[in-house]
Every structure is written in C-alpha cells, then in structure tokens.
Amino acid sequence: MDAPTTTAAGNGTSGDSDGSGWFTPRTQPPSPGGGQEPEGNRLAALRPVNRPQETPSAPQQDRDEAPQERRRPGPGEGEHGSEHSVLESRVPDQRAVRTPEPSPDVVLIRRTMAEVGPVAEKVTSYFYALLFVQHPELRPMFPPAMDAQRDRLLKALLTAAEHIDNAPVLVDYLQNLGRGHRKYGTQAEHYPAVGECLIGALSRYAQAVWDDETEAAWVRAYTTISQVMIDAAAADELRSPPWWMAEVVSHELRTADIAVLTVRPNQPYPFLAGQYASVETPWWPRIWRHYSFASAPRSDGLLSFHVKAISAGWVSNALVHRARPGDVIRLGPPAGAMTVDHTTDSGLLCLGGGTGIAPIKAMVEDVAEHGRHRPVEVFYGARSNRDLYDIDTLLRLRQSNPWLEVRPVVDKHGLLQLPDAIREYGPWNGYDAYLSGPPGMIRSGVDALKGVGIPLERIRHDSVEELVAAGD
C-alpha cells in the first residue's frame, strides 16, 4: 500500500459533533492500563457519507490512467527484494487461527467484494478521482505518476476489510502499515478523506447489494482498520523517526541485473535478521519499495540489500544501474515477522529463491552470532548457475559453521525443483521452516513443507497480500 494512509501525529476517536468528519483523532497515544478497549476493537461513531451525485471531473492522467499490465511472474521474476514482491501489503506469517464462521459484517463486506470484483479497475479509478477532486491537498503526497501506485492503497484496504475477523493476523499487519506510513508525513485527518472516498466508490459500483446495513458494516470495518494504524503510528513516534537517510558506501554488481548495496544510515537503525525495509531513491520521489536486509545487525551499523532490476521497475533499476557510492537514499522503519526464534533449539529449514536468499543469509549469520549451534539447512533456488550469485558467501559460512548445510537447487527446463529437493532430504521433524522468494515459490514451498509433515504453525514467511486473500 504505497500511499499516505497513516499519521505520526495524534490518534483516537470521538463523535462527529463538530462536523469535521468521521472522527476526531485523539491527540495522545493510548496509555497502558487506561481502561481502553483492546487495540483493533475500538469503533468510532461515524456520520453517513455524503456521496457526490455525478462522477467527478478528475485530472485525466489520474482518472483514466491505464492500469499496469498484470501477468504471472516467470522464473526469477517478482523475487523477494524486487519491486513486484512484497510492497506495503506484506503481512506476518500465517499462523493465526481463522474464525470458523464469518461475522455479519464480514458477510456483507464479502458480498460487496464479489459485486465489485468484475469492475475492479473502474472502482480504483473512481476512488482516486473522488480522492483527488474532493481532497486536492492530498495529491502531492502520492507519486507524480500513478501507474506504479494505482491499486495498492485500495487493494490493501479491501483486503484488510475482508479479513476483519482475523484479528491476530490483521492487527499485526495494520500496525506494520501504521508504523511504515509515518514516512509519508500524513496527518490523522486524512483517514476520513480516504474512508469516505472508499465507501463512495464501493457504493457506486455495488449498487445491486448496497444498502444502509452494508454501508454501516464498511464504516465499522474501516474505522477499526484506521484506528489500529493510527495508534501504532502514534506509539512509534515516541521511539523512532519516520525515516532514516542512508548513504550508499558500496555498490557491487553481481550479475547483469543483481546488485549488492551497502549503506550507512545517518543514525542507529535497529532491526532483526530476516526483516525488511522500504526504500526511496532520489530519482523517484515518493515511490517506495521493500528490500530485505542481507545481513544480521553489524557492529559498524552498515546495512546491506540485494536488489534485482526487473522490467519497468523504477526503484530496482535505479538502485542496480544508477546508484553509486555517495548517493543518499531514504529508509522506512524495519518490519517483518520472519525472524529467528532464539528461545528454542529447533533446527532451521530455509528456502530462498533468487534474491530471496538475502534474508536467509541474514538469519544464518544471526544463528552463528548467538552460538547455539542449531542445525540449519539452506536450499538456495535459482533459474541457472549464474543466478546463484551469493553461493560463495554461503559456502564460506558453511566452512566456518559445521552445523550449516547449503544445497543449491537450479531450476532446470522451467520446472520448480525446490519442493522435490525438500522431499529428497530430511526428515524434518523438529525443524522450523522459513521461506523467502517469489510468491509462486512460497506457495509451492508451503505445500511441499506441509506434505513432508511440517505443521503450518512452524512455517514462516512474510507473504504478499495475495496469500492472505487466498486464505493461506
């Protein structure tokens, strides 16, 4: 969700007695033991939406912009760390227990989604038309060209609303979004604007099923979503900046389209091995992409990223082909739940595809630094031997750490072989599994891991939102 939808200043709810919008945010973050309801369960009192009667005359480049071409990534495309991978719609690993029976609100929300699904592009165009015409002050906060941004904000909101019953997963997801969106410098009063335009677009294109009850369900869902994000942003403001400036200190081109970048942040940047950060370059302002840290935290404070330039990837191509030492980029806060659990002695079974090997390598270094000597098995998948660009680093780690095993798996003839390799080795009793790579690899990898007997609760990955929508 690469768009300003959260705030660093204020949070909270109240009624609409002042006529200022759906809610008036609180000005202080929630205090522990303050008698408030659990985060994610608070619902604000909202007024009905005053929807326009006619289609707004939005700027042509925003309203009629052609959507990005959608296609299934080929082998090695859409990899973890590339621009098609994880965006701001990542969610924590999918270990939460799903609600057996959906609530009445979720039933109404899903009925709306089924109605607007066939006309999703029109809903998206109308949503942004409403937002930019009714609230032109928000337009400068989005990228100048909307083709890269186009559907992320709306898609993330719809996904969150559809899973409003799955609180354990959804709250973590929204808190990450709330913290991450501080970098846009947004204010709490932007939430009503987005919410009103969301419901305005849905009501226009779901007329066959839209009624007062459906609108009320969407109002409640959006209020919950926005409040969790606001609270998380306000709490995060007390302990960290909205972004970090980072100077590129080294740039190594490993292949024609993969670079390893090392940067020095302007102030300490706390993170855990296996996490990721959003990155903005000076060449494409307000366009952020996610990249995983390629090493465990270092004593010198330097950070490393593996970046693969992909077709039409603005940020990835800039980082691979344009960035040089001395350039300064911006980093959002760290996020992600695919981290090592150091309270257990379980082995680690790690599957990394393409540049998805970056967080896997970071976790191996993390295990080594903790000195627990837990067994770690790394399966490194690639399209060709040339794409095993970091194999030498992993083999050096194996030489100095006898508990580590590294198994390269090359994708021959376009056939994904990582699942076959998992089945060939083992058994994997007592192992926690970690996956990082293209969405297709994650899906097939999860199936293979479950097939060899690893419980779903011991399979960890930072997933793209499609996996959430699919119920994975």
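Leu-174 touches Ala-160, Ile-225, Val-228 and Met-229, leaving aside residues up to four places away in sequence; a contact here means heavy atoms within 4.5 Å. This is a predicted model, in which local features need pLDDT of at least 70, side-chain atom pairs count only at pLDDT 80 or more, and totals for chains, interfaces and linings use all residues. Residues are numbered from 1 along each chain as its sequence is written, and side-chain values use heavy atoms, without hydrogens and water.

Now step back to the core. Leu-174 belongs to the largest nonpolar core, which has 46 residues. Such a core is a set of buried Ala, Val, Leu, Ile, Met, Phe, Trp, Tyr and Cys residues joined through side-chain atoms within 4.5 Å. Buried means under 20% relative accessible area, with a 1.4 Å probe and protein chains only. Leu-174 is among the members that touch the most others, as are Phe-127, Leu-131 and Trp-218. Helix 3 (120–134), helix 5 (167–180) and helix 7 (212–237) are among the helices that each supply at least two residues of this core. Apart from it lies another core, of 27 residues, including Ala-362 and Leu-388.

What about the whole chain? It has 13 helices and eleven strands. These are DSSP runs, numbered from the N terminus: helices are H or I with at least four residues, strands E with at least two. Buried residues make up 58% of the 472 residues.

Finally, the cysteines. Cys-197 counts as buried because its relative accessibility is 0%. Cys-350 is buried too, at 1%. The structure holds zero disulfides, a disulfide being a pair of cysteine sulfur atoms within 2.5 Å.

Terms used: Buried < 20%, exposed > 50% of the residue type's maximum accessible area, 1.4 Å probe, protein only.
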